[in-house]
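Here is a short briefing on a ligand, its surroundings and the pockets of a protein. Look at the structure, then read the points by topic.

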Amino acid sequence: MYLSKLFIPILKENPSEAKIKSHQLMLRVGMIKQSSAGIYSWLPLGLKIMKKIENIVREEQNKIGAQELLMPTIQSADIWKESGRYNDYGEEMLRIKDRQGREMLYGPTNEELITEIFRASVKSYKSLPQSLYHIQWKFRDELRPRFGVMRCREFLMKDAYTFDLSDEDAVKSYNKMFFAYLKTFKRLGLTAIPMAADTGPIGGNLSHEFIILAETGESKIYADKRIFEVNTENFKLNDESLNEMRKKFDLYYAVTDEKFNKEDFDKKVIKNNHLITKGIEVGHIFYFGDKYSKPLNAFVDLQGGKKVAVKMGSYGIGVSRLVAAIIEAKFNNNVMKWPLSVAPYETVIIPMIKKNDNSNLKKAENLYKELKKNNIDVLLDDSDESLSAKLKKFELMGIPYQVIVGEKSKEDLFEFKEIDKESENLTIAKIVNKVISEKKRIDL
Ligand code: 5CA
């Protein structure tokens, strides 16, 4: 893509209304625009990043055998009355009436709707287990929407739902999701720690929040530092190995503040090896057995004719929140730093364009074609701004690799710069090779 064709409304200064860095920078580089309180438009640059995140989330869900579907944003109140949550949910739920006077709502989550889909067709134990997910907008009328897309009212969530015959099988499904979450966050360049958590309005008694450490986070956490040493790479996608993985994580105290208990903390955490800090919740998983399947009548026949309510879990990832969370975890000196896996562009080519001399632009265009041919997501800055203004802009945007076509590029060598590193002069072939091998390394 050529920069001159793009819609990226960059602001000169950090906007004063934004309190945290991710919000400031997202507004500054034109990723989002507020449309009303807690409701945002996603501009091309922001959307491009969010789509990359969404795809990684999707790939990791598919890898554990979860199947994608798509449920609507608007739901009927009837199923929420059946589950008993219509009254309990309170003012966070946006309630609407259609022209017939029917009560509808903008879905804040989908336990009821997925159970209705499941019960309509699955009648036998033979069809279990099932694991279904969608990536869809949610609405929660948050009392205090703040920090941009971090806590907003309309947000994109991946929510998955599993259906099993027994508690034992359901825990296996839970463990698979747990594993997929760790893999997902790792590919996004994040260290997300699973913390035992409260279940709130979703219900159940087994739950983990996946938290990334950040001073500006809204979740308070209490953890034994040894939990950071558990290496997911040591475990495989089979029930036995995943059971081991869960046991390993359970060895160490790690909870959110609703679950904090001083006595347990003092007993389990060795002196001076604790971490009490703040973090951002990027995912939350729940096991709640038959909390929804019973009232909503989602039963399956067993072999002898007996019926049982299916055991369910639900698993959320805040896809739009992750855009801000990655910035918050990675930014440095007022500039963003995107991991290659989700960078808005993998490489930017910056020609120094002089008056009446388009030789650098020509060279840049050749380079652009070559990178494109090799499937590298590349941007060419064909604007006539000064080189320093261009460099400043891309530093702010945090694109991982820059190729500067200017004084230092001689014959077939170009100035190649990896963010935060010294530049080096490389041939086109070497540049392509470097970016491709890094993409391979991180599994893109
Ligand atoms: N039904 C369950 C799991 S599918 C559920 O709704 N869980 S949740 O309430 O914890 O939300 C899942 C994830 O959505 C959270 O971990 C968080 O990352 C994201 N999220 C929740 N509320 C907001 C919000 N107001 N703004 C942005 N992201 C949010």
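The ligand takes up the space of the largest pocket. A pocket is an open set of points on a 1 Å grid over the protein atoms alone, with protein on both sides within 12 Å along at least five of seven lines. A molecule sits in a pocket if more than half of its atoms lie within 2 Å of its grid points. This is a predicted model: local features need pLDDT of at least 70, side-chain atom pairs need 80 or more, and totals for chains, interfaces and linings use all residues. Residues are numbered from 1 along each chain as its sequence is written, and side-chain values use heavy atoms, without hydrogens or water.

**Around the ligand**
- The ligand is surrounded by 22 residues (a heavy atom within 4 Å).
- T109, E111, R140, C152 and E281 are the closest.
- The shell holds 9 nonpolar, 6 polar and 7 charged residues. Here Ala, Val, Leu, Ile, Met, Phe, Trp, Tyr, Cys and Pro count as nonpolar, Asp, Glu, Lys and Arg as charged, and the others, Gly among them, as polar.
- Strand β13 gives the largest share of this shell, 5 residues. Strands are DSSP runs of E with at least two residues; helices are runs of H or I with at least four.

- The side chain of T109 has an N or O atom 2.7 Å from a nitrogen atom of the ligand.
- M150 uses a backbone N or O atom, 3.5 Å from a ligand nitrogen atom.
- V282 also uses a backbone N or O atom, 3.5 Å from a ligand oxygen atom.
- On its own, the ligand has 600 Å² of accessible area (Shrake-Rupley method, 1.4 Å probe), and the protein covers 96% of that.

**The largest pocket**
- The lining counts 43 residues (an atom within 4 Å of a point).
- R140, R151, E281, H284 and R321 lie nearest the centre.
- β13 gives the most to this lining, with 7 residues.
- By class, the lining has 15 nonpolar, 14 polar and 14 charged residues.

**The second largest pocket**
- This pocket holds about 620 Å³ of space.
- Its lining has 26 residues, with P339, L340, E438, R441 and I442 nearest the centre.
- Helix α6 (167-187) supplies the largest share, 4 residues.
- The lining divides into 8 nonpolar, 4 polar and 14 charged residues.

Key: A polar contact is a pair of N or O atoms within 3.5 Å; within protein, one must be able to donate a hydrogen and the other to accept it, and residues adjacent in sequence count only if both atoms are side-chain atoms. On a 1 Å grid over the protein atoms alone, a cavity is a set of points where a 1.4 Å probe fits but cannot get out, and a pocket is an open set with protein on both sides within 12 Å along at least five of seven lines; lining residues have an atom within 4 Å of a point. Grid points are joined across faces, edges and corners, and a volume is the space filled by probe spheres set on the points.
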